[in-house]
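Thanks for coming. Let me put the model up, and then we can walk through it.

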Amino acid sequence: MEYEIIHLPKDEWKGTIIPIKYMTDKYYDVLVNKTDKGFSIEIEKKDFAEPVTHTPEEYNFPDKLYEDHWENAYAWGVLVNDELVAAIETDQELWSNRLRITELWVAEKYQKQGIGHALIEIAKEQARRERRRAIILETQSCNVNAVDFYQHEGFSLIGMDTCCYRNNDLQRKEVRLEFGWFPEEKKKVKREEIEIRMETKDDWYNVELMTQHAFWNKHHLGCVEHYLVHKLRQDKDYLPELSRIAVKDGAVIGCIMYSKARVVDGADIHEIITFGPLCVEPKWQGYGVGELLLRETMNLAANKGYKGIVIFGEPDYYPRIGFKTCDNFHITTADGKNFDAFMGIELVEDGMKNIKGKFYESEVFQNLPKAEVEEYNKNFPQLQKLRFPGQWD
């Protein structure tokens, strides 16, 4: 696909009409019959006597981007000569932990060029990042091309509404159909299925490439973590004896990088350790690779006499491994703050009982100039920078 997908900011695109129009000579006939045992439902593709066309003009409420009732809407699109020719909009259904595709449209001239598939992949990427249990969407039983397209993209029929648009939707052959896509169920890998070892110089490029893939567009546009790995290896605080990579079938699929840190309480300086990044190749995320890396290296650190670890990390991930917010240890950030993403863990019982004060990590974590990162990116295949919900800037 030669077209670039970009984020469509709400303040610029709210209210933009999505001119969804289609012609069809087929429909999915929906039959609902009451039986002695309940109901029977049949859905069968049939031919219209004459082609049917649906356009935005036939409705009093044409589709628009960022409608008020979609409270968490987020949209992407394709522009050609500043004209919108394709768009997808999603909304986070928070109560059920699902992601709804509220709009998907590709102008007729640009169909069958892979744009629709690429837009669906954006939604799947959002669902993966947010750990949604499903993506759901609606289409109509007479929009056969859409129904067939969604099935080709891995969606399955999950429900219907026979009076969504009018009370005679069944008779008009325009029944609302709900489709759902479900992420692959992932089975945790066993320790013996992967190799966990120290990296060698021959691994450096692949470790950085994997790290770039793991963090790309996660917290910011692009990422800096692969450059951090490069810089960290040269830093006096780096701890290669604790750092490890995960390898499967000859490919690097994860890494964890440790470094020295300190907690300062006036004249008292307590030496501890931190790690970062800890990351896993996107296609291997959810298989437990990161946890295997972490648990194995925590044991290494404990055996080498380290008392505790303090990190900045994801508060919905690390607590299940035993991490607690640092207010439990009377430790704050360098500027005296505490928050959910600032966590620590004792490697031995009461290991941080007598440690309190302000946490400082190596200066390398702060010394990642944007210009240097952009220059370093030239060493890797070019990736598109794209906005996603939840990014920090």
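I'll take the overall chain, then the cores, then the aromatic rings.

First, the ground rules. This is a predicted model, where local features need pLDDT of at least 70, side-chain atom pairs count only at pLDDT 80 or more, and totals for chains, interfaces and linings use all residues. Residues are numbered from 1 along each chain as its sequence is written, and side-chain values use heavy atoms, leaving out hydrogens and water.

Now the chain. It has eight helices and 18 strands. Those are DSSP runs numbered from the N terminus: helices are H or I with at least four residues, strands are E with at least two. The C-alpha trace spans about 85 × 55 × 45 Å along its principal axes. Of the 393 residues, 48% are buried. Buried means under 20% relative accessible area, exposed means over 50%, and partly exposed is in between, with a 1.4 Å probe and protein chains only.

On to the cores. A nonpolar core is a set of buried Ala, Val, Leu, Ile, Met, Phe, Trp, Tyr and Cys residues joined through side-chain atoms within 4.5 Å. Which residues touch the most other members of the largest one? Ile101 and Phe155, out of 47 residues. Several elements each supply at least two residues, including strand 2 (22-35), strand 6 (98-106) and helix 2 (115-130). Helix 2 gives the largest share, seven residues. Apart from this core lies another, of 29 residues, with Ile273, Leu294, Met298 and Ile309 among them.

Look at Phe155. Leaving aside residues up to four places away in sequence, Phe155 touches Ile101, Ile120, Lys124, Ile135, Leu137, Tyr150, Phe179, Gly180 and Trp181. Contact here means heavy atoms within 4.5 Å.

Next, the rings. Rings of Phe, Tyr and Trp (its six-membered ring) pair if their centres lie within 6.5 Å; planes under 30 degrees apart are stacked, over 60 edge-to-face, and the rest tilted. That rule gives 20 aromatic pairs. Why is the pair of Phe339 and Phe342 tilted? Their centres are 6.0 Å apart and their planes sit at 45°, so tilted it is. Phe339 is partly exposed at 36% relative accessible area, whereas Phe342 is buried at 0%. Elsewhere, Tyr258, Phe275, Tyr317, Tyr318 and Phe323 form one aromatic cluster.

Last, charges over rings. The test is NZ of Lys or CZ of Arg within 6 Å of the ring centre and within 35 degrees of the ring normal. Lys34 sits over Phe39, 5.5 Å from the ring centre. Arg129 lies over the face of Phe388, at 4.2 Å.
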